[in-house]
Amino acid sequence: METIPLLKDKRVVLGVTGGIAAYKACTLASHLTQAGALVDAVMTEAATRFVAPLTLEALTGRPVYTSMWETSQRGLPTHIAHVGLGHAADLLVIAPATANTMAKLAHGVADNLLSTLALAARCPLLLAPAMDVGMWSHAATQANVAILQGRGAHLAGPARGRMASGLEGEGRLLEPDRILGHIRWVLGRGGSLSGRRVVVSAGPTREPLDPVRFLSNPSSGRQGFALAQAALDRGAEVSIVAGPTDLPTPVGARRVDVTRAAEMQRGVLEACAKADVLLMAAAVANYRPADVASQKVEKGQEGLVVRLARTTDVLAAVAERRAETDCPSVVVGFAAETEDLIENARGKLEAKDLDLIVANDVTAPDAGFGVRTNRVMLLDQDGGVEELPLMSKAAVAEAVLERTVAL
Ligand code: CTP
């Protein structure tokens, strides 16, 4: 896992309470640490029955706190843990959060280190509940959740699924990567794009030939989804218009799934109606089969000739709309090229009325379609060309968003 700029050097207090899902807190602690956060784990006594403090200490590289009184034994003033930890934190996340701990937090009970520091802390609170179905649905728990949410606490989950008891239902801890998404969402509020609406198009389109065949391209949607996440990290309100892809929706984003280029156009124009920024990363088909067979085309002895018709250009439609409404005010396009990269990209920047174009050479095996890395050039309207080295698609997204914020 690579560094996440939003999380770099952020102080995250990770409260771990006593439930079988506590083992998943280890993965969360590890991912947060790898992403660059400074993770102070605080465990309840019950949590230590499920996971050894040493495990979290090894994963975070920092001391783990398990008791109100223990800190004095380490030669630290006692107030450091229960007040200082909470005061210094950018976020308090409790994962898993048991019904018991949520009840304490809802009613201001401070009878262990975690509940005490939760009362003292003034940072955002994120709760990832995990408990038996009956405990979660109990009126007492639901009332406590309502109290906590009413006070501004954020809830991540619980998920529905199989419980350790063998029962099915709501009460499972959300998977660590989804909790991480919620953490990013909470920490991103108030960022450089807060109050801004960002539309991202991502993935391929599919143009049907008959009910079981289509024309498409190898776009995975990864670059677009990474852009959406980078915009969320900056506090934006994000809509993704996604062609066919299995990628999970980043936490906090609205998603509209589309298949054909015409649907992509409708989805993008609708989402753009009140947007500030459009990041047009989708690999939209330029051609579609002119006639779609209503039944499966059976093979014949001869070759098959398929006549193609042009699809409409989504960015051209956006440019038309923009001329009338000034909306969206920033449009970023993408150019996937196999030759004359800069020249072709500059032509598209001008022809499509873009503020910035992200150009990549899709012939390179480590860049462009279907891989996790990318090597791009950013071309702007003032003639500027910035060549970025090979990097992850998340890092490319960060660079594009930095430029977008400046625009
Ligand atoms: N695009 C679009 N509508 C289309 C096709 C592409 O809005 N019907 C957008 C893409 O999302 C991308 C940019 O236009 O942001 C790419 O420009 P385009 O000229 O379509 O590039 P190519 O698809 O590579 O086209 P060409 O074959 O002409 O190079």
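In which sense do strand S9 and strand S10 pair, and over how many bridges?

Author: Happy to! Please keep in mind that this is a predicted model. Strand S9 covers residues 207–210 and strand S10 covers residues 213–215; the two pair in the antiparallel sense, over three bridges. The link from S9 to S10 is a hairpin of two residues. Within this pairing, Glu207 has Leu215 of S10 opposite it.

Now to the ligand, which sits in the second largest pocket. Helix H13 (314–325) and strand S16 (330–337) are the elements that each contribute two or more residues to the shell around the ligand. S16 provides the largest share, with three residues. The shell has 15 residues in total, and those that come nearest to the ligand are Met280, Ala282, Phe334, Lys348 and Lys352.

For Ala282, a backbone N or O atom lies 2.7 Å from a ligand oxygen. Phe334 also uses its backbone, with a polar atom 2.9 Å from an oxygen atom of the ligand. Lys352 takes part through its side chain, where an N or O atom is 2.9 Å from a ligand oxygen. As for cover, the ligand taken alone exposes 580 Å², and the protein buries 76% of that.

Definitions and conventions. Residues numbered from 1 in each chain as written. Predicted model: local features only at pLDDT ≥ 70, side-chain atom pairs only at ≥ 80, totals over all residues. Heavy atoms only, no water. Pairing = 2+ DSSP bridges. Helix = DSSP H or I, 4+ residues; strand = E, 2+ residues; numbered from the N terminus. Near = heavy atom within 4 Å. Polar contact = N/O pair within 3.5 Å; in protein donor to acceptor, adjacent residues only side chain to side chain. Areas by Shrake-Rupley, 256 points an atom, 1.4 Å probe, with all protein chains shown as cover. 1 Å grid on protein atoms, 1.4 Å probe; cavity = no way out; pocket = protein on both sides within 12 Å on 5 of 7 lines; lining within 4 Å. Sits in = over half its atoms within 2 Å of the grid points.
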